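Reader: I would like to learn how to read a model of this kind, feature by feature. Could you take me through one, giving the general idea before each case?

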Amino acid sequence: MTMPETSAPTAETAAEPVGGTVGAEVLRPHAEDAFADELAALAAADDRPRPARWRLSPWAVATYLLGGTLPDGTVITPKYVGPRRIIEVAVTTLATDRALLLLGVPGTAKTWVSEHLAAAVSGDSTLLVQGTAGTPEEAIRYGWNYAQLLAHGPSRDALVSSPVMRAMAEGMTARVEELTRIPADVQDSLITILSEKTLPVPELGQEIQAVRGFNVIATANDRDRGINDLSSALRRRFNTVVLPLPATAEAEVDIVSRRVDQIGRSLDLPGGLEGIAEIRRVVTVFRELRDGVTADGRTKIKSPSGTLSTAEAISVVTNGLALAAHFGDGVLRPGDVASGILGAVVRDPAADRVIWQEYVETVVRERDGWKDFYRACREAGA
């Protein structure tokens, strides 16, 4: 049999992944790429007033986040499942000159909401500053090309714009993730930017003035209080919107199912809906351990040290689907999620293991229809 001829990659094709990878090959496309069809349909149907340099009106941005059906029949999938008013307040904030701070415990979709808001408002969610303990001031203000600086001295050509500076100059939305993890003195470099809408460049005797459309979305984990608390001066520059944990088990199951289905399709895993019973079980376990009481309210239980967030539930189910796909029959079963739940619950090997074993023996063991899950938990913890 003759094998089909293949041509050697040219310089252009060999270099293609560096400048931009084919959409189907990207593991996690940016929001504006993954949902480009929905954004285009919304833009075409959107006849409402739009703030300066916004791609969509505030109504269309909220519809993109919350989901709906357009007059032409296009279905907009929900990106956020929760109180509608939260998204409306967040979008309205961005339409003013106030910056937006999304606050909440880990796993409440702060980053997810931030990315989709930026994608819908500016068409670009990539102007991002990732907050860490080592984030320098240059990441928020600007840096220098030192080769140019040494050769020619300070100049605009030697200036390296930060994502925030680019957003100011282009009227875009900048994102700052994990704001409270950034050192306090670096955080405060945002004060002048947010209050005066100006970024001084004293080395050049110039300043960058924000054009209309510029704004900042920051996220912060309220479990991080005391690490690098925001100064009162900086906090006043933000309108704070608190993202809560899902109010009901059904809402959380819906969120987990949707995200697992999206992630599973990108990884060629079997559909999450086939394992809806196990998804519901994972959510039930996480909610009971978080709340310190069983779903029926009859039995009080101890809560472990971890957050057991919705994001962690998504991770547990996704890993379980991978186990089912590669080492099982493709159907999500108790044994596929038990070890993942154990890993999520037991963060403190001493205290959390005792709490988990007590929960397994007093709650899981006695619950109707959970015998297979009980055996899987015993095997995982053996």
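Author: Let us begin with charge, for which Lys and Arg count as positive and Asp and Glu as negative, while His and the chain ends are not counted; each charge is placed at NZ of Lys, CZ of Arg, CG of Asp or CD of Glu. In this chain the mean positions of the 40 positive and 50 negative charges lie 7 Å apart. The model is predicted, so that local features need pLDDT of at least 70 and side-chain atom pairs count only at pLDDT 80 or more, whereas totals for chains, interfaces and linings use all residues. Residues are numbered from 1 along each chain as its sequence is written, and side-chain values use heavy atoms, with hydrogens and water left out.

Reader: What share of the 382 residues in the chain is buried?

Author: Buried means under 20% relative accessible area, exposed means over 50%, and partly exposed lies in between, with a 1.4 Å probe and protein chains only. By that rule, buried residues make up 45% of the 382 in the chain.

Reader: Which residues of helix 5 are buried, and what covers them?

Author: Helices (H or I, at least four residues) and strands (E, at least two) are DSSP runs numbered from the N terminus. In helix 5, which runs over residues 84-94, the buried ones are Ile-86, Ile-87, Ala-90, Val-91, Thr-93 and Leu-94. They sit on the same side of helix 5 because they cover an arc of only 155 degrees around the axis, the arc being that of the directions from the helix axis to the C-beta atoms. Their cover includes helix 4 (58-66), strand 3 (99-104), helix 6 (110-122), strand 10 (215-221) and strand 11 (238-242).

Reader: Is Glu-278 buried or exposed, and with which residues is Glu-278 in contact?

Author: Glu-278, which belongs to helix 13 (residues 276-291), is buried, with a relative accessible area of 5%. Contact means heavy atoms within 4.5 Å; leaving aside neighbours within four places in sequence, Glu-278 is in contact with Leu-332, Arg-333, Pro-334 and Val-337.

Reader: How should I read the phi of Leu-308 and of Glu-178?

Author: Most residues other than glycine have a negative phi. Leu-308, although not a glycine, has a positive phi of about 50 degrees; Leu-308 lies in the loop between helix 13 and helix 14 (310-327) and counts as buried at 1% relative accessibility. Glu-178, also not a glycine, has a positive phi of about 55 degrees. Glu-178 is found in the loop between strand 7 (173-177) and helix 9 (184-187), and at 22% relative accessibility Glu-178 counts as partly exposed.
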